[in-house]
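Hi,

Here is the structure I promised to pass on. Have a look at it first, and then read my notes below.

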Amino acid sequence: MSADTPLIGDHTMPETAPLTDARIGVVTFPGTLDDRDAARAVRLGGGTPVSLWHADDSLHEVDAVILPGGFSYGDYLRAGAIARFAPVMNTIIVEAEATTASPLPVLGICNGFQILTEAHLLPGSMIKNDHLKFICRDQVLRVENTGTAWTSQFTQDELITVPMKNQDGQYVVDDATLSTLEDQGRVVFRYVGESPNGSRNDIAGVTNERGNVVGLMPHPEHAVEAGYGPNDATGLREGTDGLTIFTSVVSSLTGGNA
Amino acid sequence: MPTILVEVMPKPEILDPQGKAIANALPHRGFTGFSGVRQGKRFELSVDGEVTEELLESARTAAAEMLSNPVIEDVVSVTVAEDL
Amino acid sequence: MPTILVEVMPKPEILDPQGKAIANALPHRGFTGFSGVRQGKRFELSVDGEVTEELLESARTAAAEMLSNPVIEDVVSVTVAEDL
Amino acid sequence: MNDFNIDTVTNAADTPETELPWAELGLKQDEYARILEILGRRPTAAELAMYSVMWSEHCSYKSSKVHLRQFGEKVTEEMQKDLMVGIGENAGVTDLGDGWAVTFKIESHNHPSYVEPYQGAATGIGGIVRDIISMGARPVGVMDPLRFGDIDHPDTQRVLPGVVAGIGGYGNSLGLPNVGGEVVFDSVYQQNPLVNALAVGVLKHEDLRLANASGVGNKVVLFGARTGGDGIGGASVLASESFDDTKPSKRPAVQVGDPFAEKVLIECCLELFHNNLVEGIQDLGAAGISCATSELASNGEGGMHVELTNVLLRDPSLTPGEILMSESQERMMAVVTPENAANFEAVMDKWGVEHSWLGEVTDTGRLIIEWDGDTIVDVDPRTVAHDGPVYDRPYHRPEWQDRLQTDTFRSSAAGGDLPASAEDLGQAVVELMSSPNMADKSWVTDQFDRFVGGNTALSQPDDAGVIRVDDRTGLGIGLATDCNDRYAYLDPYRGAQLALAESYRNVATAGAVPLAVSDCLNFGSPEDPDIMWQFAEAVRGLADACMELGIPVTGGNVSLYNQTAGRAIHPTPVVGVLGKFDDVSRRTPSGFQRWADGQAIYLLGT
Ligand SMILES: Nc1ncnc2c1ncn2[C@@H]1O[C@H](COP(=O)(O)OP(=O)(O)O)[C@@H](O)[C@H]1O
């Protein structure tokens, strides 16, 4: 399988006709790294990636938004702290919190998750890994909530393997919120096996109350193409478990017809 | 040039992995007598003119909204230091 | 519990990318009036008993040798705060 | 504006008797005499600053040049058929086919990493990545061949964590997958760790950019980070341009990297290339503006006129000479046509990158630098950039070389007691496998992002890194770096060849066709004839082997003076080989795969 995401030049507008009417925005902040990867994953998942620029407050009528990984503004103050104030975030916050029947689905991956917590769209926060190091490894996760737009095609408690790579990945949250998250089934992904970073209750990803905003630390967009993903049971770098995130949202947006 | 100092610390109930690592390392280097360490941040905001009450208020707001994350951190102090 | 505060800042002549990023971001949020920002560290060393001169000296040494990187940072102050 | 006295060209002509601190700036007596001869007067303080940094070993390759020429001479036409840009530019460029090209290079940041491990290693990555950008390429990967003292030596324990964190901290923040490297421990590297960094980038043929200032009337622009006092600590004699007072100057001994600024610089440069907005471009590394202006000018129309007060400063107390020498990171210099200036500024604004217009390209054959209207530099840029001193330093085979070669393990006491039983052999294997040099390196490599970009087909623990270049076709590259310093110590000629052979094999066994070589030659002091012999032999060996294998050296780096208190490192010619895949999905991993149950095993070769 191949996807058309050139390394050079303008990847912002797809050259091909949209595959579906699922238009998914991928935001680029200064310092964002995984925007091309996320756009590729959207395309492989059957959607149409639309590049969104941090300084532009318009979402260009996308149906969902991904805040990809990276080190926005160097993560210098705190991971995601400065990006959270970008003009595009103001609009995303409004749309994600809209009281309409279907508020904007938003996925934050790694730095994107950190931005969502800084923006208070998701509870808790991320601090340095307990071992204080950057860690890059294949990570097994359990999908514990299949009710979100981003996880609808997983089966409950499915185990998936995706890469994880971060320095500030330790999820912290106060006791009361933690019980709420657990009670309401809002832990979407949980680390399986030895904790990679000391996160409370091994939480790898959570959702908001309405289930439209999801954040997770590991990188599903790096597990969408055989040959370039994590190792899994089928072979070296063959893992494509992350793809289901992207097919899920496309399917949700197109009424299950993708 | 006057400077406004903003000091931010991790909330007491939040884990502080950096502070913990330092606390563990201190005795190995012969520094005993400290029962715990916490690591926070210190910001120096330099001001070209005079530090008006308005500017100080603006620094307080910046400290609360941007320089700290209220979920995990407390702003310990916002003060003026004339002599830096 | 008495606490020894150690404050560390990047040396003035050294590039401070963190401070720079913050300084650039502040005006976008309407925080004007600050001509520069530098970001340093603040450590709280807690002491179980009394802060003896000896312990303070030990804190000073730890500040110089462990809590700061003398190549790029200065220890700005080592003080006792009784009331934290 | 400043409290130093400006030493103008007029002033220099009027005050020939003024003593200049040329020795403190590292110039030799005869080198200084040569500068006087070139200029026909004493240099100004600013000119002295430029010559001293540009004629340093690091920038001028004065001790190594006579040997490195072999890389350009021992070549066949066949070897050069894919070569688009050879040695001499910031990095060599090789055709990959399909309109794609690839550029790669290794550099050392050894000493800075010893002084301040984190920042030294970080800025090492930053520097090599800017070399790649300046060719018009998108950086797509890094590698890091590292060498440290004994694993349990305090020096190693101080240096290693910082170096590894620095490489990760900078490279990870740039979004460049780390696809390989080396971690070697040997006591010879105590106090002289080797931190080499390789970067690779890809470009479309039409995006190729060179470091030359062509087009009279085109504008010269400096962009990226502001200029600070970085890297001129040793040259603080320049703090007063008149050299007549002893004003203490606060100049940082080390540089701090800003990976965020560099990431933005990458994207911003790619947008400039894509929109065809720059005529020539040069990164600022060692020797900063001195290097960029003199190289751009001498590679182009031959002249440039610059107003130095236009440089945006981080530290307003810098003197003109210091500004010219500053090694502040994350800066680039470009040549832009007047018609493109507005569009250029729009790209800068979009990415939030600061820039300042410094001057323009002329055809005078002179590099003229002014300070607030007064001329402080008036030189032929070639004399600064290209006509530096060249030394054919004496060298001879060390008298101890024979003894070294006959001192074999078998002739030692331990050598008489070789493991004989199956049990002893088993024990020996375990011992070998658990030695730090053989053991699993994931404790290092797990601190590096190998996934970013989504194009990494192989990285650790494989023998070569493999990166896809084109999503549509699977066109890609394989890369490896290798060197066994102990072989090189025993026989530098063969050792360098073995380094190449190993790297070549690693790329070939991954399934790529080897195309090009980049090397990082780490040695002791060239002023020691024994060491100079090691260097000469290693270069000769590498050049001969490249001929034999039919692949050219497209660039590299020389790091000399890796010695402390008379104790030199082993000669360490690190060799990187780059190969091409028509389709990276055909890559072959190394080692027996747990998924390959039931496959047959063959042993090839002798
Ligand atoms: N400093 C490093 N940075 C990145 N990768 C490294 C580094 N050191 C070793 N590696 C990678 O780890 C793997 C194992 O290294 P090593 O044990 O040296 O292998 P070998 O002995 O087969 O060359 C290789 O894929 C190598 O590229």
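Predicted model: local features only at pLDDT ≥ 70, side-chain atom pairs only at ≥ 80, totals over all residues.

Which side chain does the side chain of A:Glu221 make a polar contact with? It is that of A:His219, at 2.8 Å.

**The annotated site in chain A**

An unreviewed UniProt entry puts the annotation "active site" on A:Cys110, A:His219 and A:Glu221. They are spread over 112 residues of sequence, yet they cluster in space, with a largest C-alpha distance of 10.9 Å. Two of the set, A:Cys110 and A:His219, belong to the lining of the largest cavity.

Take A:Cys110 next. You will find A:Cys110 in the loop that runs between strand 4 (106-109) and helix 3 (111-118) of chain A. Is A:Cys110 buried or exposed? Its relative accessibility is 5%, so A:Cys110 counts as buried, the cut-off being under 20%. Setting aside residues up to four places away in sequence, A:Cys110 touches A:Gly69, A:Lys165, A:Asn166, A:Leu216, A:Met217 and A:His219. That list brings in A:His219, another residue under the annotation.

A:Glu221 also lies in a loop, this one between strand 11 (213-216) and helix 5 (243-253) of chain A. With a relative accessible area of 2%, A:Glu221 is buried. Apart from neighbours within four places in sequence, A:Glu221 is in contact with A:Asp34, A:Asp37, A:Ala38, A:Ala41, A:Ile109 and A:Phe246.

**Where chains A and D meet**

Five pairs of chains touch, and the most contacts are between chains A and D. On each side the count of residues in contact is 44. Together, chain D and chain A bury about 3,500 Å², 58% of it on carbon and sulfur atoms.

In one salt bridge, the side chains of A:Glu225 and D:Arg468 meet at 2.8 Å, N to O. Between chain D and chain A there are also 14 residue pairs in polar contact, counting pairs with both residues at pLDDT 80 or more. Several elements of chain D give two or more residues to the side that touches chain A, among them strand 4 (138-148), helix 8 (154-174) and helix 9 (259-274). The largest share, five residues, comes from helix 9 of chain D.

By contrast, no contact joins chain B and chain D. Their closest C-alpha atoms lie 13 Å apart.

**One residue in chain C**

Last, a quick look at C:Glu53, which is in helix 2 (residues 53-67) of chain C. C:Glu53 is exposed, with a relative accessible area of 51%. The side chain of C:Glu53 makes a polar contact at 3.3 Å with the side chain of C:Arg60. C:Glu53 and C:Glu13 are 40 residues apart in sequence, and in space their C-alpha atoms are 32 Å apart.

Cheers

Terms used: Residues numbered from 1 in each chain as written. Chains lettered and ligands numbered in written order. Heavy atoms only, no water. UniProt positions renumbered as here; feature names shortened; annotations may be inferred. 1 Å grid on protein atoms, 1.4 Å probe; cavity = no way out; pocket = protein on both sides within 12 Å on 5 of 7 lines; lining within 4 Å. Helix = DSSP H or I, 4+ residues; strand = E, 2+ residues; numbered from the N terminus. Buried < 20%, exposed > 50% of the residue type's maximum accessible area, 1.4 Å probe, protein only. Contact = heavy atoms within 4.5 Å. Polar contact = N/O pair within 3.5 Å; in protein donor to acceptor, adjacent residues only side chain to side chain. Buried area = accessible area lost by both parts, 1.4 Å probe. Salt bridge = Lys/Arg side-chain N within 4 Å of Asp/Glu carboxyl O.
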